[in-house]
Amino acid sequence: MFKRIINFVKGFNYTRKLNTQKKCNIHWHTEIDTKTQFEGCNTVMPHVGLTDCKIGYMSYIGNNTIFFKTDIGRFCSIADNVTIIFGEHPSSVFASTSQAFYFKTGISYQSFVKNDYWTLEQAYPHADKENDRYCIIGNDVWIGKKVMIRSGVKIGDGAIVASGAIVTKDVEPYSIVGGIPARHIRYRFDDDDIQWLKKTKWWNKDVSWWEKYGEYFHDIKLLRKKIEEDNLNGTEC
């Protein structure tokens, strides 16, 4: 109980520091450890749990969302009740899905095997094992309410995940997916515009660039035309 109080105080002080120094709007009623990094101008709603995560510039996270060792890019919009699904079990060949028959030590009170027949990476797959990341969410990603994302999944830049979806495999950039399990519905733009966006990587620009071109973001054709014209004239920021 005493340790929990100490952790709460640490988290509260860390949140206050972020709100002041990084211009964030993080609700005090959250559980955020000091390993979690915020790039700035982030909003985090109440009852959010973040452990060892990286949150990109201007991304926001809705109520009751929980992430663990997850990288989230810039300008992401994450709704309420989004979670990562952890814990895979063997579903073929093995006579049982219980850990008692494939881990010599595990969460079960007793094991009946002398060797491990399933690895921790199989049980808890990484999206980036080298950097110990269970999930990677790209830039400008919109994730709807009550989405569940399987550990080990990467969601590409510009993707949209419909509310209530269960994402079990990687999502392509600028793809719209939905359903249980989540399936590809369509792409947000035609292939030519997608390739242009992927090349432009507008989310890596600076504030002066966003201020100059922000008024054109309501129409990708206008945005592209304006930037291409400025490139020819040598006047792009």
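How many disulfides does a search of the whole structure find? The count is 0. Bear in mind throughout that this is a predicted model.

Stop 1: Select C24 and C41. C24 is in no disulfide, and its nearest cysteine sulfur belongs to C41, 6.9 Å away. Is C24 buried or exposed? C24 is buried, at 9% relative accessible area. C41 counts as partly exposed, with 26% relative accessibility.

**Stop 2: the open sheet.** Now select β3, β6, β9, β12 and β15. These 5 strands form an open sheet in the order β3-β6-β9-β12-β15, with parallel pairing. Which strands lie at the edges? They are β3 (37-38) and β15 (154-155), each pairing on one side only. Zoom in on β12 and β15: they pair in the parallel sense over 2 bridges. I136 has K154 in β15 as its bridge partner.

**Stop 3: D71.** Stay with the sheet and pick D71, which is found in strand β9 (residues 70-72). Show its side chain together with that of R133: a polar contact of 3.1 Å joins them. Beyond its sequence neighbours up to four places away, D71 touches K54, R133, C135, I136 and I137.

**Stop 4: the largest nonpolar core.** Select F38, L50, F67, I137, I143, I149 and I155. Among the 33 residues of the largest nonpolar core, these touch the most other members. The elements that give two or more residues to this core are α1 (2-21) and β12 (135-137). A second, separate core has 14 residues, including Y174, I194, W203 and W209. Back in the largest core, centre on I149. Leaving aside neighbours within four places in sequence, I149 is in contact with V82, T83, I84, I85, C135, I137, I143, I155 and V167.

Stop 5: Finish at β18 (residues 175-178) and β19 (residues 183-187). In which sense do these strands pair? β18 and β19 are antiparallel, paired over 4 bridges. Pick V177 and look across: H184 in β19 stands opposite. Then follow the chain through the 4 residues between the strands of this hairpin. G179 takes a positive phi there, near 105 degrees.

Definitions and conventions: Residues are numbered from 1 along each chain as its sequence is written. This is a predicted model: local features need pLDDT of at least 70, side-chain atom pairs count only at pLDDT 80 or more; totals for chains, interfaces and linings use all residues. Side-chain values use heavy atoms; hydrogens and water are left out. A polar contact is a pair of N or O atoms within 3.5 Å; within protein, one must be able to donate a hydrogen and the other to accept it, and residues adjacent in sequence count only if both atoms are side-chain atoms. Contact means heavy atoms within 4.5 Å. A nonpolar core is a set of buried Ala, Val, Leu, Ile, Met, Phe, Trp, Tyr and Cys residues joined through side-chain atoms within 4.5 Å. Buried means under 20% relative accessible area, exposed over 50%, partly exposed in between (1.4 Å probe, protein chains only). A disulfide is a pair of cysteine sulfur atoms within 2.5 Å. Two strands pair if DSSP finds at least two bridges between them.
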